Amino acid sequence: MIEKYSVRTDLALEEKERFESDNVEISGVVLEEDYDETLEIRITRVKIETENGAKAMGKPAGVYLTLEAPNLAVPDEDYHREISEKLADHMEELLHENHLTGRDISVLVVGLGNRQVTPDALGPYVADNLCVTRHIVREYGKYAMGMERAQLVSAIVPGVMGQTGMETLEIVKGVVTETKPDLVIAVDALAARNSRRLNRTIQIADTGIHPGSGVGNHRNGLTRETLGVPVIGIGVPTVVDAATIVSDTMENLIQAMETSETLKGVGEVLKMYNNAEKYELVKELISPHLNGMFVTPKDEDEMVKQISYTISESLNLLFAGREDRE
C-alpha cells in the first residue's frame, strides 16, 4: 500500500509557465532561469519575497528550485556526479540565505517514505548512503574527520504512519528536541503534474515539506514553524496520477487537432483552458474509477536507487567532501 507522497514537484515549473502564459509580473516574486547546454540541465528558481507575493502564489515565502535534467534517468555515473555537484552548489546557496554557512553546523537528514514500496523508498535510500558524522565528531572531535571544518550530520528514517502508528512530525520533532540540529533536510518522493518530469527533476525548497499531500493523504508539515529550525525539502517525482497522464494525452491531441481542418475548432476551444483547468476537467471525466490511480515506470526500482545515490552524494559533498566551501 502506498502510504504517502509529498507535495507535487513542479511548483517552480508551474509558476514559470504561469508567468509566460499570463505575461504578468507579481510583486514580491522573482523568477530566474538558467540553462547549462553542456549538461542539458535547466534550473528554475522562484523566490517569494513578500507576504503579498506569498498570497498571490498561494505558497509560503521562500525559495523554490527545480533542477530539470532529462538524462537523470540514464545510468551514467559521470553525468550523475555532475548533477550532484550542481545540486550541492544550489544547496549551499540556500544555506547561505538561511545564514548557515561559514561555521560548523549540525544537520539532521530525514529520509521520508516507505522503504517497502519501491517508488516511495527514495528518502530511506538517501539516508542509507549518507556519510553520518555526528557520533564521530562528538566522540573524537572534528579533527578525527581529517578536516578543519566538520559538520555534524545525523540521519533518521521515521517510516510512515501505517508502520509506526505515529505522525512523522511527532517522531522528527522528538529527535529535533533531543539532538538540537541547526538544520533539517527532508528528502521524499513526489507526485508529478507532468509525466515527462518523472525521475527527471529534483525539487528543492527552503519552506519545508508536507508529506502525503501529493496523493491527498495530508499530514502535518515539516517546517520551521513546526520544528523550530530551518527545514529544506528535497524531492523527486516518482509517480504520476491517471488524471495527469490523460491531461498530457489531451495536450498532444490538441496539437494534432490544430493540423486538422475538421477538428481545428475543437482544438482551439480546448486550447483556451490553462493547465490547471485541463487537469480539473480530466479529473471530473475519469472519476470515480481512475481518480485514485497512480502509475510509476517499470524500471522504477533501479531509477530510485540511482537518483537516491545522486542526492546523497550531493549532501556528502556539501557537508563532508569539500573543504573549500565557505
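A salt bridge here is a side-chain nitrogen of Lys or Arg within 4 Å of a carboxyl oxygen of Asp or Glu. By that rule this chain has seven salt bridges.

Some ground rules. This is a predicted model, in which local features need pLDDT of at least 70 and side-chain atom pairs count only at pLDDT 80 or more, while totals for chains, interfaces and linings use all residues. Residues are numbered from 1 along each chain as its sequence is written, and side-chain values use heavy atoms, with hydrogens and water left out.

The chain contains twelve helices and nine strands; these are DSSP runs, helices being H or I of at least four residues and strands E of at least two, numbered from the N terminus. Of its 326 residues, 50% are buried. Buried means under 20% relative accessible area, exposed means over 50%, and partly exposed is in between, with a 1.4 Å probe and protein chains only.

Side chains of opposite charge can pair when their charged atoms come close. R45 pairs with E32, and their closest N and O atoms are 3.9 Å apart. R45 is in strand β2 (residues 41–48) and E32 in strand β1 (residues 29–36), 13 residues apart. R45 counts as buried because its relative accessibility is 14%, whereas E32, at 42%, is partly exposed.

K47 forms a salt bridge with E97, at 3.9 Å from N to O. This pair joins strand β2, where K47 lies, to helix α3, where E97 lies, 50 residues apart. K47 is partly exposed at 26%, and E97 is partly exposed at 31%. E32, R45, K47 and E97 are linked in a network of salt bridges.

Another salt bridge joins R81 and E313, at 2.8 Å from N to O. R81 is in helix α3 and E313 in helix α12 (residues 300–321), so the pair ties together parts that are 232 residues apart in sequence. R81 is partly exposed at 39% relative accessibility, but E313 is buried at 16%.

Which other residue can we place in helix α3? H90 is found there. H90 has a relative accessible area of 16%, so it is buried. Leaving aside neighbours within four places in sequence, H90 is in contact with I43 and L65, where contact means heavy atoms within 4.5 Å.

E82 also lies in helix α3, which covers residues 77–97. At 38% relative accessibility, E82 counts as partly exposed.
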